[in-house]
Amino acid sequence: MSCSGCSGAVERVLKRMDGIQSYTVSLETQTADIYADEGVAFDAVLEKIKKTGKTVTGGVRDGEVVGV
């Protein structure tokens, strides 16, 4: 994410996703911290973010580092 438009696009996608409890998108660190209901698939969240045109390089699921 290189601009506020980029982080805004990720925020908009997360805001519309069912089951997302909370999220913080940081332009400075180029990260997104996302907390979701148990029934929300990790891969589904990543795919939604990827559809914004952003590159997802990895994540942490239930305390485990997951490469993408």
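This is a predicted model: local features need pLDDT of at least 70, side-chain atom pairs count only at pLDDT 80 or more; totals for chains, interfaces and linings use all residues.
Residues are numbered from 1 along each chain as its sequence is written.

The protein chain has two helices and four strands. Their order along the sequence is α-β-β-α-β-β. Helices (H or I, at least four residues) and strands (E, at least two) are DSSP runs, numbered from the N terminus.

Of the 68 residues, 31% count as buried. Buried means under 20% relative accessible area, exposed over 50%, and partly exposed in between (1.4 Å probe, protein chains only).

The largest nonpolar core has 12 residues, among them Val10, Leu14, Phe42 and Val66. Such a core is a set of buried Ala, Val, Leu, Ile, Met, Phe, Trp, Tyr and Cys residues joined through side-chain atoms within 4.5 Å. Helix H1 (4–16), strand S1 (20–26) and helix H2 (42–50) each supply at least two of its residues. H2 gives the largest share, four residues.

The rule for a salt bridge is a side-chain nitrogen of Lys or Arg within 4 Å of a carboxyl oxygen of Asp or Glu. The count is one. Lysine 50 pairs with glutamate 47, and their closest N and O atoms are 3.7 Å apart. Both lie in helix H2, three residues apart, about one turn of the helix.

| Residue | Relative accessible area | Class |
|---|---|---|
| Lysine 50 | 32% | partly exposed |
| Glutamate 47 | 41% | partly exposed |

Notes. Side-chain values use heavy atoms; hydrogens and water are left out.
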